[in-house]
Amino acid sequence: MAVIGIDVSKQKLDCAWLRDEATGKVKTRVFGNRRQDFPHLLEWLEHQTGEPLDQLHVVMEATGIYHETLAYWLHAAGIQVYVLNPAQVRDFSRSLGVRGKTDKKDSVVLARYGATQRPDAWQPEPEEVRKLKALAARLDALDKDIQRERNRREKAEFVMATDILRSIDDILSALTRERDRLQREID
């Protein structure tokens, strides 16, 4: 079993393979956080660890949306993935006496957490659930956009800006149609 910590950010993946838990020896590498970079990460992991994919354990923090594509991709490749709460990792890091915070240090802490704490494995949500959540988030954004346009319309009515009222009404109409279509799809 090989434990790899990956500190995920928008642009890059800082990876640390915990070569020897007793001595704390690690092997590190940085990859881009783009789908086309993931096969290179996988090649590096296989080459460095010499382990089959089902013996690789990748530990990462939940980082908004930036970890999701990698987590799903690794899981689909047959790798055991662990997605941790950042607060737990921060507390663990403090318990180790780690000073300073860099992406490289964070990836090492994640690997050590995975090796010593044995977290629960991450399970991807079904595709239908992911789609429904995305649609619901989009619906919420549209509701906020509609309210902003209504507020703008109220101001334009107050100053009697007829040209602006037409523009706002056009946008409100389009937003409302899309909101209704999205609501039907969700239903």
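Trainee: What lies over the face of Tyr72?
Mentor: That's Arg130, at 3.7 Å from the ring centre. A charge counts as over a ring if NZ of Lys or CZ of Arg is within 6 Å of the centre and within 35 degrees of the ring normal. Bear in mind that this is a predicted model, where local features need pLDDT of at least 70, side-chain atom pairs need 80 or more, and totals for chains, interfaces and linings use all residues. Residues are numbered from 1 along each chain as its sequence is written, and side-chain values use heavy atoms, leaving out hydrogens and water.

Trainee: Are Tyr72 and Trp122 buried or exposed?
Mentor: Both are buried (under 20% relative accessible area with a 1.4 Å probe, protein chains only; exposed is over 50%, partly exposed in between).

Trainee: How many aromatic pairs are there in the whole structure?
Mentor: The search finds 4. In one of them, the ring centres of Tyr72 and Trp122 are 5.0 Å apart with planes at 90°, so that pair is edge-to-face (centres within 6.5 Å; planes under 30 degrees are stacked, over 60 edge-to-face, the rest tilted).

Trainee: And what does that pair tie together?
Mentor: Tyr72 is in helix α2 and Trp122 in the loop between α4 and α5, so parts 50 residues apart in sequence are linked.

Trainee: New topic: which residues does Leu70 touch?
Mentor: Ile6, Val8, Leu13, Phe38, Leu41 and Met60, leaving aside residues up to four places away in sequence. Touching means heavy atoms within 4.5 Å.

Notes: Rings of Phe, Tyr and Trp (its six-membered ring) pair if their centres lie within 6.5 Å; planes under 30 degrees apart count as stacked, over 60 as edge-to-face and the rest as tilted. Helices (H or I, at least four residues) and strands (E, at least two) are DSSP runs, numbered from the N terminus.
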